[in-house]
Amino acid sequence: PQQSDRSKSRPEPESRLQPPPQLQLIEQPQHLLQQQNPLQPGQQQLLNTERQEKLVWVTPQRLFGLLLVFFIGIAILGLAYYLHHVLHTGSGNNAANVTTCVSTACQWAAARLSMSTDPFTEPCDYFVSMCGSKRLQLKSKGRQRSHGIPGHSQNPIERLAETDKQNKTEHRRLGEDTTLSRKTLLLQYLRGILETNQSSSSSAVQKTKDFYHSCLDTRSLEAVGAEPFLRLIQKLGGWAVSGQWNRTDFNYTLGVLMREYGTFPFFNLYIDQPDLLIPIEWNSKKQTSGAKTETLRPFLASCQSYLAFLGSPPSMRMLHVGTFISLSSELAVAASPLQYRLSKGQLYQRMTIRDLQSQAPAIDWLGCLQAAFHPLSLTEDDHVLLHNLPYIIQMSRIINEWLHKPEMSNSGTLHTFMVLNLLHTLMPAMDSRFSETAKNYSLALGNIEEVSQHDLVQNKSRSVNGLIVLGLFNQEVPRWKHCLLETERGFDSVLTHLLSETAARRETEEIIENVFFAFISKITDLRWKDQKSFQRFIDKVYSSPPRLLSSKEISNEDDLDLLFSEVTVSSSGFFTNYLQLLSLWQKRHSKLLAAETEDADILSVAPFLASNGLLFPMGMFIPPLFHPTYPKAMNYGAVGFLVAKDIFHLFLPEISSHNLTMRAVGECVWTHYLNATEKAGQVRATILSTAQQEEVWLQYSALQVALQAYHQSLSQNPADTSVSGLHHTQLFFRSFSLVSCDTDPDGESMPLDASFLIPVMCAESGLCPTSPQCSIKAHQDKSQAC
């Protein structure tokens, strides 16, 4: 705009200046002079003499004018160069003092930017397809180079760069979207921390790294085979399968499994029905459960394989597998789905441990609960909550019957049932024969793809197609990810500490605060149906002050070292380390009874509303989304946008029910999209659904809020650095374009590539230093933004 204003008063270029009238007259041909001036020859001679005298004076004046015009032209060209090349690549406030960020993180960011597509240089048809297939094709062609910095990885940033390359290559091979989810980015960053060669003075940190590396050592697992588990069976008193069982007390063994190994064969920790190993289904007509008949054959085969791996004689396998399936089937009949129990009011039934003992006498409830929640002190007068009392009562009857069956007195069926449940718990630490058998069994059921990888790794069971599917270790999950998730189960407080060291709390809290208040400013400008609903919503927003979520329990490495002082972790021998992990995991759950609030989830990557405000997990603020050395423009364009988008999603129900602006803004952006992509011939004029209108408005508003928050940060401290010589506003939008298509669930409602919001916002005069190639100004009468 400054250039266009100045052009109005700019002197005309030399080529367009008219010569003085005197010179025109002198230079005209003689016959024209005579035609125009019919003078006598004497008069003409006198006139020529006077003009020649004047010419002597006029020539220096002409030269001076020419020089003046020349220097003015040079000045104008210099000014134009300054405006175009300096202001477009500088900060806009102090362009002469722009500083390029040279930190390791910024070098990696520059390499990442160079390998990504610049939305400012792409034609409109680039934005035709939604995030996914078309963008994958554009980014995959001829790009097999690393997204990171060359060299050996010695820090989490560089390690993340290498894993980023490996994962993107794998995604390309599988034909999937190359965009990584926030959870995957967090896992990769934690992986980089654990795999650095830097030694730590903290024993707790070193134990955490040793545990992780012992998990990666699959060669040792294969070498030892089933021997570690067989030694554990002997520690528990043996079992009848091997012919060596010292008839240990049933309740004593059950208490040990609950306390030491986090294994609950007959009921779970919350006094509810367990996740039985045998697949079961619910008959809605008869309102009963039972083992699914067609799955019994593969289930039988897998159990026989496990016994073979554990050295059971062939002649004994069928007997023990048969009784195991028989007992499992009886327990399955007593189980019922959650929805049924909810309809029958069976959840959260409160009673004392003494009353529970009288209704289900086969279990030593006080002893088992004391073992499970050690060192918490319990008495028979303490209350517990049950979630399926009919199952608990029936389970007690079944156990009592099997304890007193004369024909089974030597088989130890209940003990074998508990040992096989323990095997299932420890399967992630066993050799590949066990995990391969489990995987093949799940494939036989046809449900492995419907169970999430995280649930598989975490040994959680899921109800799929009426079956209670075993949460088996899935070989398709990368080993490093499996090991990282297992490490988090026992050493979450250490990982929280390690993550907090790199979180840059001050910079993080500044982003959260600026985005939050920019969000309030945005919703204040919206049109509401009535003042009462608006005031009620504003009161709710102000009652939810944002803050960074972190663990309050651990403050320094000394506390961590004391907490893990009794833990012994070897860099080899993952099975032994895994046993200690189960003990740590069980103690962690025990503390939940006495804790007022649960610790922050280290793997959380999205904010949530709690009674004490709007909480943002530290897992959101990691590279490549955020780094304290990044230019502010990069941080606000990436994580600032995600923070704003998450806030809008949290408050969307209240906003959408009262706001009148969503539809207009959504349709405005969509109209720009149709007009801009019309030449591509790939977009049909369709009407957006309500959910799509909301999502378009939400992401467009979130981008506006993030940019406003960035400007607020600059007003507080005008200094900012740059990466790749990009103007700060352009760097903001480039950073946004890299995360706009992250694999968050809300992307399913976005009808267009979110990067198209860049040219829509750039339509506002003077906002962007460089106009995108896909300009929407040529397709509309007015260029104002939506």
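Good morning. Please note that this is a predicted model, in which local features need pLDDT of at least 70, side-chain atom pairs count only at pLDDT 80 or more, and totals for chains, interfaces and linings use all residues. Residues are numbered from 1 along each chain as its sequence is written, and side-chain values use heavy atoms, with hydrogens and water left out.

I begin with the sheet. Strands of a sheet pair through backbone hydrogen bonds, either parallel or antiparallel. Here an open sheet of three strands runs in the order β10-β12-β11, with mixed pairing. Two strands count as paired if DSSP finds at least two bridges between them. Strands (E, at least two residues) and helices (H or I, at least four) are DSSP runs, numbered from the N terminus.

Which strands stand at the edges? They are β10 (546-549) and β11 (608-610); each has a single partner strand, so one side of each is left without a neighbour in the sheet. From one strand to the next, the twist averages 40 degrees. Strand β11 pairs with β12 (residues 613-617) in the antiparallel sense, over three bridges. Within that pairing, F608 has L615 in β12 as its bridge partner.

Helices also touch this sheet. Helix α23 (residues 505-524) packs on the sheet and touches β10 and β12, and its direction makes about 150 degrees with that of β10. Helix α27 (residues 632-658) lies across β11 and β12 and runs at about 140 degrees to β12. Such angles run from 0 to 180 degrees between N-to-C directions, and axes are lines fitted to C-alpha atoms, for helices over the stretch in contact.

I turn now to a pair of helices. Helix α28 (residues 662-677) packs against helix α29 (residues 690-716) at an angle of about 85 degrees, with their axes 8 Å apart. The two are therefore roughly perpendicular to each other, a term for angles of 65 to 115 degrees. In this contact (heavy atoms within 4.5 Å), M662, R663, V665, G666, E667 and V669 in α28 meet Q693, E694, V696, W697 and Y700 in α29. The contact residues divide into six nonpolar, two polar and three charged. Ala, Val, Leu, Ile, Met, Phe, Trp, Tyr, Cys and Pro count as nonpolar, Asp, Glu, Lys and Arg as charged, and the others, Gly among them, as polar.

My last topic is the disulfides. How many does the structure hold? There are five, each a pair of cysteine sulfur atoms within 2.5 Å.

One of them joins C101 and C106, with sulfur atoms 2.0 Å apart. This link is right-handed, with 85 degrees about the S-S bond. C101 is buried at a relative accessible area of 13%, and C106 is buried at 1%. Buried means under 20% relative accessible area, exposed over 50%, and partly exposed in between (1.4 Å probe, protein chains only).

Thank you for your attention.

Note on methods: Parallel < 35°, antiparallel > 145°, perpendicular 65-115°, else oblique.
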